[in-house]
Amino acid sequence: MPTDDTIRTAVRTRYAGLALSGQSCCGPGSAGGAGYAPEDLAGLPEEAVMGLGCGTPVALAGITEGETVLDLGSGGGIDVLLAARRTGPSGRVIGVDMTAEMLQRAEANAVRAGIDHAEFRLGLIEDLPVESATVDVVISNCVVNLSPDKPAVFAEVARVLRPGGRLVVSDIVRTVPGTGSTDPDGWASCVDGALHADDYLAAIAAAGLGGVEVLRRDGEGSHVSITVRAVKP
Ligand SMILES: C[S@@+](CC[C@H](N)C(=O)[O-])C[C@H]1O[C@@H](n2cnc3c(N)ncnc32)[C@H](O)[C@@H]1O
């Protein structure tokens with residue numbers, strides 16, 4: 001098992017490169033493949049549509065005007081911008097990412113999109129730079145699998161959510177037992193760090209979130225994408 005620092009360095013290196021090159025990790029058209037509706041993609045800066053997600057948490061989160069939304073691992077900002085459309089200017093959206101190059105790309109995209117009620121913060125999703133009990137909706141798209149400390153991520157989600165607030169997270173999970181890989185690049189590719197689906201749901205419940213349910217499941221084989229909803233009591 002690689003150390004936490006080794007994993008984070010491999011992940012940062014991978015996503016800094018993608019932020020600067022603008023390449024997708026998953027090939028052309030993958031943003032559509034993740035399930036984004038054409039009307040959602042319409043009008044977004046093309047630099048925000050990087051094909052790095054594995055679901056559409058914003059479409060399933062029921063975000064309403066005035067809400068405060070937090071996106072864990074916001075990348076080039078696609079879900080922050082989509083959430084900001086739904087909250088309107090009376091709400092706000094915060095994206096957190098540990099890769100400075102991704103934050104710069106996301107900030108430029110918010111300017112291009114004319115969104116000024118979104119902000120991007122440098123930080124770890126295991127130690128969020130966000131005040132406790134201030135967030136209505138936490139979203140995340142294909143990020144938690146990259147974390148070397150998933151219990152810490154879900155504990156932070158529980159800390160920042162207001163009572164009654166919700167988590168809607170899309171992620172890659174295993175359908176077969178893990179291999180215990182020691183390859184940091186395998187983690188950075190959203191493969192080796194993925195938990196078994198049962199363990200993923202159990203980790204969310206262990207953080208104190210209730211009503212854990214799988215809203216959507218896509219793909220087949222050893223790794224699939226799921227979107228999970230849970231609520232802070
Ligand atoms: C696969 S990309 C997904 C980006 C975005 N959510 C999307 O759907 O386009 C993963 C992003 O999560 C960030 N990330 C990975 N692990 C992180 C961690 N532990 N803390 C903060 N950000 C992290 C990476 O820097 C990268 O921008």
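Let's start at the ligand: 24 residues surround it, and the closest are Gly53, Gly73, Gly75, Thr99 and Asn141. Here a residue is near a molecule if its C-beta atom, placed from the backbone, lies within 6 Å of it. Helix H1 (4-21) and helix H5 (78-87) are the elements that give two or more residues to that shell; helices are DSSP runs of H or I with at least four residues, strands are E runs with at least two, and both are numbered from the N terminus.

A quick word on the source. This is a predicted model, where local features need pLDDT of at least 70, side-chain atom pairs count only at pLDDT 80 or more, and totals for chains, interfaces and linings use all residues. Residues are numbered from 1 along each chain as its sequence is written.

Now, H1 again. Its axis and that of helix H6 (residues 100-113) come within 7 Å and cross at roughly 30°, with axes being lines fitted to C-alpha atoms over the stretch in contact, and angles running from 0 to 180 degrees between N-to-C directions. On the H1 side, Tyr15, Ala16, Ala19 and Leu20 meet Glu101, Met102 and Arg105 of H6; contact means C-beta atoms, placed from the backbone, within 7 Å.

On to helix H7 (residues 150-160). Which of its residues are buried? They are Lys150, Val153, Phe154, Glu156, Val157, Ala158 and Val160, buried meaning 20 or more other C-beta atoms within 10 Å of the residue's own, again placed from the backbone. Their cover includes strand S1 (68-72), strand S4 (135-141), strand S5 (161-174) and helix H9 (197-206).

Last, Leu70: leaving aside neighbours within four places in sequence, Leu70 contacts Ile94, Val96, Val130, Val135, Val138 and Val160.

Conventions:
Contact = placed C-beta atoms within 7 Å. Buried ≥ 20, exposed ≤ 12 C-beta atoms within 10 Å, placed from the backbone.
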